[in-house]
Amino acid sequence: SLLRHNDLALRLRMHHNNKLSTFNMHHNPRVATDISRLTAGHVGGQVFAAYVLCTAQDKDAVRLTLEQIDVIRRMCTENPEMELVTTAEGMRTSTKIACLISIEGGHSIDSSLAALRMFYQLGVRSMALTHNCNTPWAESSSSYYTYYQQKNNSLTDFGKAVVNEMNRLGMLVDLSHSSWETTRAVLKHSTVPVIFSHSSAYAICNNIRNVPDEQLLLLKENGGLIMVNFYSSFVACSNNANVSVVADHFDHLKQVIGAESIGIGADFDGAQGFPKGLEDVSKYPALIEELISRNWTEEELAGVLRLNFLRVFRKVEKVRKFILVSSSQFNEVKPQRKACRLCL
């Protein structure tokens, strides 16, 4: 199987200050992800998120993101069971645990298309436009932070330039954490399929982080993918969740947009509180067994586990080859941000 969203790198920073020598990558009960449990769960690939806190916005977000990319690259190259990949073909053909790098939150680029391009060069192949804070150019589903709370901020001209550049580069646009208004604007603007890397069905659990049916239909039209989050508060709207409740989300999504538009997001190590029976990366077979009992076919499950994500990733890569560079994108005026006290 090939799963989408994993925040182990965040735990490496929190508990080990990114010192891999102090972290047992094979057996580590402090986290939900290690090599032994990835193997037990038959996991053939993970997309590891380079995430930095919203409090780094307008400060050292770029440096911190570089450090998170660095620890993911080291983790995936220094362990012989893992392999760093940057293409859909690399994910498909890897005989190890394939690692793809994503960025979780547009604040990581500090409103710089040049920074976005350099992250691509370092192996980043997906970016969530926001995390729990607005950027100057896109709006978050969360109002927890007070950054950039102006009106008409769902997707500014610069935000459209970011989407354009991601389309040109062949980088997946991730709408998990984006506001519904930003989601609509991106689905209207993007020329390639987009993803929700770890979001669930709003009709089953009415949390603002989830996706309502009307947006699911737009996603279907876009050719994109929603990858189901397992976090209990997002699947059960409470801490009392189980495998059956997670499967309810899969059933609903299949009914609305078809199995070919669904993947697995999970969000292990990105939150605390997962359903009973889905506590860590070794438990994926329990979900598959539940879906089989609900008459999901082998073909549908192969799509959910692996093929749907590879199909969308390939489409994004293919469009990269045909989009011409617009010189105006490179000369885009940066949005107003806080003055830098070190700038002359």
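Cys133 has 0% relative accessibility, which is under the 20% limit, and therefore counts as buried. In this predicted model, the sulfur atom of Cys133 lies 2.2 Å from that of Cys54, and the two residues form a disulfide. The count of disulfides comes to three. With bonded cysteines counted along the chain, the pattern of the disulfides is 1-4, 2-3, 5-6.

**Disulfide Cys54 to Cys133**

- The angle about the S-S bond is -85°, and the link of Cys54 and Cys133 is left-handed.
- Cys54 counts as buried because its relative accessibility is 0%.

**Disulfide Cys76 to Cys99**

- Cys76 and Cys99 are joined by a disulfide with an S to S distance of 2.4 Å.
- Cys76 belongs to helix α3 and Cys99 to strand β4 (residues 97-104); the pair links distant parts of the chain, 23 residues apart.
- The link of Cys76 and Cys99 is left-handed, with -95° about the S-S bond.
- Both Cys76 and Cys99 are buried.

**Disulfide Cys205 to Cys237**

- The sulfur atoms of Cys205 and Cys237 are 2.0 Å apart, and these residues form a disulfide.
- The link of Cys205 and Cys237 is right-handed, at 105° about the S-S bond.
- Cys205 has 0% relative accessibility and so counts as buried.
- Cys237 counts as partly exposed because its relative accessibility is 39%, a value between the limits of 20% and 50%.

**Largest pocket**

- The largest pocket holds about 370 Å³ of space.
- It is lined by 18 residues, of which His131, Asn132, His177, Phe234 and Gly270 are the closest to its centre.
- Sorted by class, the lining of the largest pocket comprises eight nonpolar, six polar and four charged residues.

**Strands β4 and β5**

- Strands β4 and β5 pair in the parallel sense, over four bridges.
- Ile103 stands opposite Met127, a residue of β5.
- Strand β5 is mostly covered, with five of its five residues buried.

**Leu12 in helix α1**

- Leu12 is part of helix α1 (residues 8-16).
- With 1% relative accessibility, Leu12 is under the 20% limit and so counts as buried.
- Leaving out residues up to four places away in sequence, Leu12 touches Asn17, Asn18, Leu20, Phe23, Val71 and Met75.
- The C-alpha atoms of Leu12 and Thr22 are separated by 9.5 Å, and these two residues are 10 residues apart along the chain.

Notes. Residues are numbered from 1 along each chain as its sequence is written. This is a predicted model: local features need pLDDT of at least 70, side-chain atom pairs count only at pLDDT 80 or more; totals for chains, interfaces and linings use all residues. Side-chain values use heavy atoms; hydrogens and water are left out. On a 1 Å grid over the protein atoms alone, a cavity is a set of points where a 1.4 Å probe fits but cannot get out, and a pocket is an open set with protein on both sides within 12 Å along at least five of seven lines; lining residues have an atom within 4 Å of a point. Grid points are joined across faces, edges and corners, and a volume is the space filled by probe spheres set on the points. Ala, Val, Leu, Ile, Met, Phe, Trp, Tyr, Cys and Pro count as nonpolar, Asp, Glu, Lys and Arg as charged, and the others, Gly among them, as polar. A disulfide is a pair of cysteine sulfur atoms within 2.5 Å. Buried means under 20% relative accessible area, exposed over 50%, partly exposed in between (1.4 Å probe, protein chains only). Helices (H or I, at least four residues) and strands (E, at least two) are DSSP runs, numbered from the N terminus. Contact means heavy atoms within 4.5 Å. Two strands pair if DSSP finds at least two bridges between them.
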